[in-house]
Amino acid sequence: MHATAASRAVGKPVKVVYPREIDMRHEYYRPACISHYRALLDENGYPQALWARYAGQSLFWQMRRETVNEAGGWDESMVECVYSTPYRIPHLKVEAGIVEQPISLSYLRGVGSVASLFFLESFISELSHKANRDEYSYRRHLLQDSPEALRVLDATATAAGWQHELPSGVSRGMACNIWVGRNNAFTTYVGLVVEIAIQEGRLRVLRAVCAIDCGKVINPNLVRANVEGGIGFALTTCLHSELHFERGGVVEGNFDRYPLLAIAEMPKVEVVILDSARAPQGCGEVSTAVVAPAMASALHKATGKTYRTMPFPREFSSV
């Protein structure tokens, strides 16, 4: 719009280039979100009832308000992948409340699932730790009613060598998801294992193993590129992407204070594409949401602390 207005004013073609500071301080942002989880556990530590409550600035309330109104006043993107979880939870209640704020919003790769699944999968991992059960076997038990999701989880664990002991100083975490595209556009299953090490106060993400069932695959290289890119994007999100607002404006203005994932920080990524008789499904954004909860679980095993906010506290230096 700026280029059009300037072009009309001077009667010539005009190209507008935004400095990074204008782009970062006056563009669009991801919605903030907070969640509160409670669960009633059986004698083996598995959830019989789960109550998930979300509150935050609604992406769709700004961009697709008619969608929110048609749904009865709630924003599906705030709780996507949560209300449709494949986990066997006999009693599940998911709530979402819209908190309006004067901050312009737009889409992030992974849309709402980057936040919503972080809470769900982190909670599942914490429940497994509380029950003193391996998080892989814990998830296997909860996925008994979803053979497709269980197949992907098993493929992830096998490719990652979950059954083998890790070298000293290395920790790993796991997460999985079934992504049902908006309006049932597609259904994709994904699992992820990450391995990390903390050496001399530095966090190293060593390896990421991701299995995916996205239906019949036409171009395997495209699927791998999407999964790898999503993992790198999500590592930036959970390790670096933090903005601060003061006196109505954004403090950070360039990459010196808002860094992206560096090449040296990118782990080795292994992508396992499962054969499927289903029609081609989606793959572009499905690997982003599982990264942060898998990282949080790995960090918990490495430090004994819980990591419940994104980005994670900067207590470690990056390599």
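Biologist: Is Arg-140 buried, exposed or partly exposed?
Modeller: Partly exposed, because its relative accessibility is 31%. Keep in mind this is a predicted model.

Biologist: Ok, and which side chain does Arg-140 meet in a salt bridge?
Modeller: That's Asp-154, at 2.7 Å from N to O. Asp-154 sits in helix α7 and Arg-140 in helix α6, so the bridge ties together parts 14 residues apart in sequence.

Biologist: Is Arg-207 buried or exposed?
Modeller: Buried, since its relative accessibility is 18% and the cut-off for buried is under 20%. Glu-270, at 22%, counts as partly exposed.

Biologist: What about Asp-213, who's its partner?
Modeller: Arg-278, with the closest N and O atoms 3.0 Å apart. Asp-213 is in strand β6 while Arg-278 is in the loop between β9 and α9, so the bridge ties together parts 65 residues apart in sequence.

Biologist: And how accessible is Asp-213?
Modeller: Asp-213 is buried, with a relative accessible area of 2%. Arg-278 is partly exposed at 25%.

Biologist: Which residues do shared partners join into one network?
Modeller: Glu-121, Glu-135, Arg-139 and Lys-301, through their salt bridges.

Biologist: Last one: how many salt bridges in the whole structure?
Modeller: The search finds 14.

Methods. Residues numbered from 1 in each chain as written. Predicted model: local features only at pLDDT ≥ 70, side-chain atom pairs only at ≥ 80, totals over all residues. Heavy atoms only, no water. Salt bridge = Lys/Arg side-chain N within 4 Å of Asp/Glu carboxyl O. Helix = DSSP H or I, 4+ residues; strand = E, 2+ residues; numbered from the N terminus. Buried < 20%, exposed > 50% of the residue type's maximum accessible area, 1.4 Å probe, protein only.
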